[in-house]
Amino acid sequence: MADEPSFSVITSADGKAKDMRLALSGHWSIQNSALIERLVAEMPLATAGMRIVILDLAQVSRLHTAGAWLIDRAREKMSQAGLAVTIQCGQASHEILLKAAHYRPFDEAKSQDDHPLMSMLVDIGANVASAGRDLMAGVAFLGEVTVSFLRVLARPDHLRLTSIVFHLESFGFHSLPIIALINFLVGGIVAQQGIFQLSRFGASTFTVDLIGILVLRELAVLLTSIMIAGRSGSAITAELGSMKMREEIDAMRVMGLDPVDVLVLPRLLALLIALPLLTFVADLSAIFGGLLVSWFYGNINPDVFLARLQDAIAINTFLVGLIKAPVMALVIGMVAAIEGFQVQGSAESLGRQVTASVVKSIFMVIVIDGLFAMFFAAIDY
């Protein structure tokens with residue numbers, strides 16, 4: 001067929017010259033891709049022993065991106081073989097398409113022959129380096145938030161009170177039912193297990209001590225922080241990421257507004273207020289759940305439970321959980337904001353950063369809780 005792609009070899013009359021012209025013709029289009037692949041594979045063989053090769057596209061009647069890419073790939077392979085290759089286009093559109101479809105070699109996949117132990121060590125090193133970069137980014141972002149907060153202290157009229165109240169309602173009031181329910185159930189579970197295990201030693205009443213100390217110092221604030229990280233932290237990342245995708249954050253900067261002042265600081269302040277209050281509610285819910293289970297399952301009268309609870313705990317037991325809450329709120333808000341600002345222009349990126357926000361927030365909450373536990377144990381508080 002006349003439209004089929006082809007090429008012809010044109011050399012000097014004596015056939016001994018080191019110059020060669022490959023005259024291409026026909027339709028070098030996607031419909032003929034299989035034939036084009038074969039022709040392109042034959043070109044380096046036809047130019048063996050040459051030093052200068054000219055690819056003449058004057059007779060090419062139709063050229064698609066696939067054909068242009070394959071032609072440029074043939075040029076690249078012949079150039080790597082030491083030939084001086086030039087392309088002559090009969091149409092300006094062909095020249096533009098060849099430049100746009102310029103051949104680029106693909107990166108070769110890394111060898112998988114490494115020892116499994118070595119691969120594991122490499123992954124650990126990469127994760128440690130990534131954690132170090134995240135830590136530095138977090139410190140830098142904390143500096144931006146601190147500067148923004150100092151600006152607000154210097155000019156209180158710049159405090160976005162409406163935004164703070166709105167986010168306080170979202171993070172605090174709307175989270176109240178699920179926080180209370182989760183801690184109520186966990187308090188009941190701790191009471192049931194405590195009674196079941198301690199009754200073997202005739203010390204079931206010590207379940208009250210277990211509930212009071214464990215809930216007030218650790219469980220209530222930890223469960224509340226994890227729930228807030230999954231609920232509110234992911235929402236912050238999704239909101240900021242969506243604004244980043246729609247270029248609303250760039251528009252704010254163009255208008256002279258600092259995104260940290262407008263978007264981050266109100267959310268952080270709302271979290272700093274909401275999380276201690278939710279922790280207090282979680283304390284009450286967990287203790288109430290433990291009281292009911294102790295009453296119906298362990299036959300511990302509520303009066304006995306409350307009297308024992310007063311002897312088991314002190315004010316410092318209650319304050320430990322409340323001291324942790326603002327720190328965890330700050331970490332959750334910062335991680336969520338950082339991940340939100342790192343969203344690129346795709347939905348895949350948004351989903352990836354939201355997932356990273358939740359995972360990192362929960363991880364940091366647990367790490368901080370462990371550090372606080374060691375600190376309070378060291379100072380005997």
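This chat goes through the aromatic rings in a predicted model.

Student: How many aromatic pairs does the structure hold?

Tutor: The structure holds seven aromatic pairs.

Student: Take W295 and F296. How far apart are the ring centres, and at what angle are the planes?

Tutor: The centres are 5.0 Å apart and the planes are at 25°. Planes under 30 degrees apart count as stacked, so the W295 and F296 pair is stacked.

Student: And are those two buried or exposed?

Tutor: W295 is partly exposed, at 39% relative accessible area. F296 is exposed, with 64% relative accessibility.

Student: What about F372 and F376, how are their rings placed?

Tutor: Their ring centres lie 5.7 Å apart, with the planes at 15°, so this pair is stacked.

Student: Where do F372 and F376 lie?

Tutor: Both are in helix 12, which covers residues 347–378. They are four residues apart, about one turn of the helix.

Student: Which residues do ring pairs link into a cluster?

Tutor: F372, F375, F376 and Y381. So the stacked F372 and F376 pair belongs to that cluster.

Student: New topic, charges. What sits over the ring of F206?

Tutor: The charged end of R308 does. That end is 4.5 Å from the centre of the F206 ring.

How values were computed: Residues numbered from 1 in each chain as written. Predicted model: local features only at pLDDT ≥ 70, side-chain atom pairs only at ≥ 80, totals over all residues. Heavy atoms only, no water. Phe/Tyr/Trp six-rings, centres within 6.5 Å; stacked < 30°, edge-to-face > 60°. Buried < 20%, exposed > 50% of the residue type's maximum accessible area, 1.4 Å probe, protein only. Helix = DSSP H or I, 4+ residues; strand = E, 2+ residues; numbered from the N terminus. Lys NZ or Arg CZ within 6 Å of the ring centre and 35° of its normal.
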